[in-house]
Amino acid sequence: MEKTVVLYEGKAKKAYGTSNPRVIWMEFKDTATAFDGVKKGSIQDKGRINAALSAHLFGVLERAGIPTHFIERADERSLLVRNLKMFPVEVVVRNAAAGSIEKRYGLEHGTRFRKPLLEYFLKNDSLHDPMLNRQHVVVLGYMPERKLARAEELALKVNTVLSRYMKRRGFFLVDFKLEFGEQSGRVYLGDEISPDTCRIWDAGTGEIMDKDRFRLDLGAVEEHYEEVLRRLTA
């Protein structure tokens, strides 16, 4: 299958049409941004790593009964995925305190939660992705209540599957963001699963293995992305 016209280009990915209107060619880029796009740069081979890791982890989730948009690898840094009508809501699953939630609620870094915490954010760069509650999501028309409930159910199942999978490979899954869409009325997990969208710490040392290395200028970003890929796909 060949890619055709560019349908959309974001900060980390570019989407192309294909000869099948139900299928999108999703290409991963090496560019990196942080702090609402204020910090910009690139991470060598990030596109290849994130494409490979997303394909692998979508496969793990599919085998656990979680429907995803992934169809197959198109090339080293591209996936063929279902053409979903995306909901403009990011669902964030948190297992411990890191990032913005620390400042919002005065939490100590790394505080473990008694159970997974779900948060919602509107995908809108011009509004700086404001936080939402369930009433905002439903009443303002971002997602129907039934489909929000399905997305929540899937998000918690993703957390269970990925947390266990990563724990067996020496990682602690701190938090991650998910995006959902629908095709023919069915809700699917979309976007990607990678160190760009997850906070991943080494379970033994607590070392940061994700995009926070870029955000916080910790260095060795490429090496840590490669290590995540190696350990999770071994």
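This is a predicted model: local features need pLDDT of at least 70, side-chain atom pairs count only at pLDDT 80 or more; totals for chains, interfaces and linings use all residues.
The second largest pocket holds about 190 Å³ of space.

Which residues line the second largest pocket? They are Asn-95, Arg-112, Pro-116, Asn-159, Thr-160, Ser-163, Arg-164, Lys-167, Phe-171, Phe-172, Leu-173 and Ala-203. H4 supplies the largest share, five residues. Sorted by class, the lining of the pocket has five nonpolar, four polar and three charged residues.

Staying with H4, I turn to its packing against another helix. Two packed helices are described by the angle between their axes and the distance between the axes. For helix H1, residues 46–63, and H4, the angle is about 120 degrees and the axes are 10 Å apart. The crossing of H1 and H4 is right-handed. Which residues meet there? From H1 come His-56, Leu-57, Val-60 and Leu-61, and from H4 come Val-158, Val-161, Leu-162 and Tyr-165. Of the residues in this contact, seven are nonpolar, one is polar and none is charged.

Next, two points about the backbone. Most residues other than glycine have a negative phi, and most peptide bonds are trans. Asp-191 is not a glycine, yet its phi is positive, near 60 degrees. Asp-217 is not a glycine either, and its phi is also positive, at about 55 degrees.

Where do these two residues sit? Asp-191 is in the loop between strand E12 (186–189) and strand E13 (198–202). Asp-217 is in the loop between helix H5 (212–215) and helix H6 (221–233).

Is Asp-191 buried or exposed? Asp-191 has a relative accessibility of 10%, so it counts as buried, the cut-off for buried being under 20%. Asp-217 has a relative accessibility of 63%, and therefore counts as exposed, since exposed means over 50%.

Last, Thr-197. This residue lies in the loop between E12 and E13, the loop that also holds Asp-191. Thr-197 has a relative accessible area of 9%, so Thr-197 is buried. What does Thr-197 touch, leaving out residues up to four places away in sequence? Its contacts are Asp-175, Phe-176, Lys-177, Asp-191 and Glu-192. One of them, then, is Asp-191, the buried residue with the positive phi near 60 degrees.

That is all from me.

How values were computed: Residues are numbered from 1 along each chain as its sequence is written. Side-chain values use heavy atoms; hydrogens and water are left out. On a 1 Å grid over the protein atoms alone, a cavity is a set of points where a 1.4 Å probe fits but cannot get out, and a pocket is an open set with protein on both sides within 12 Å along at least five of seven lines; lining residues have an atom within 4 Å of a point. Grid points are joined across faces, edges and corners, and a volume is the space filled by probe spheres set on the points. Helices (H or I, at least four residues) and strands (E, at least two) are DSSP runs, numbered from the N terminus. Ala, Val, Leu, Ile, Met, Phe, Trp, Tyr, Cys and Pro count as nonpolar, Asp, Glu, Lys and Arg as charged, and the others, Gly among them, as polar. Axes are lines fitted to C-alpha atoms, for helices over the stretch in contact, and angles run from 0 to 180 degrees between N-to-C directions. A crossing is left-handed if the near helix is turned anticlockwise from the far one by less than a right angle, and right-handed if clockwise. Contact means heavy atoms within 4.5 Å. Buried means under 20% relative accessible area, exposed over 50%, partly exposed in between (1.4 Å probe, protein chains only).
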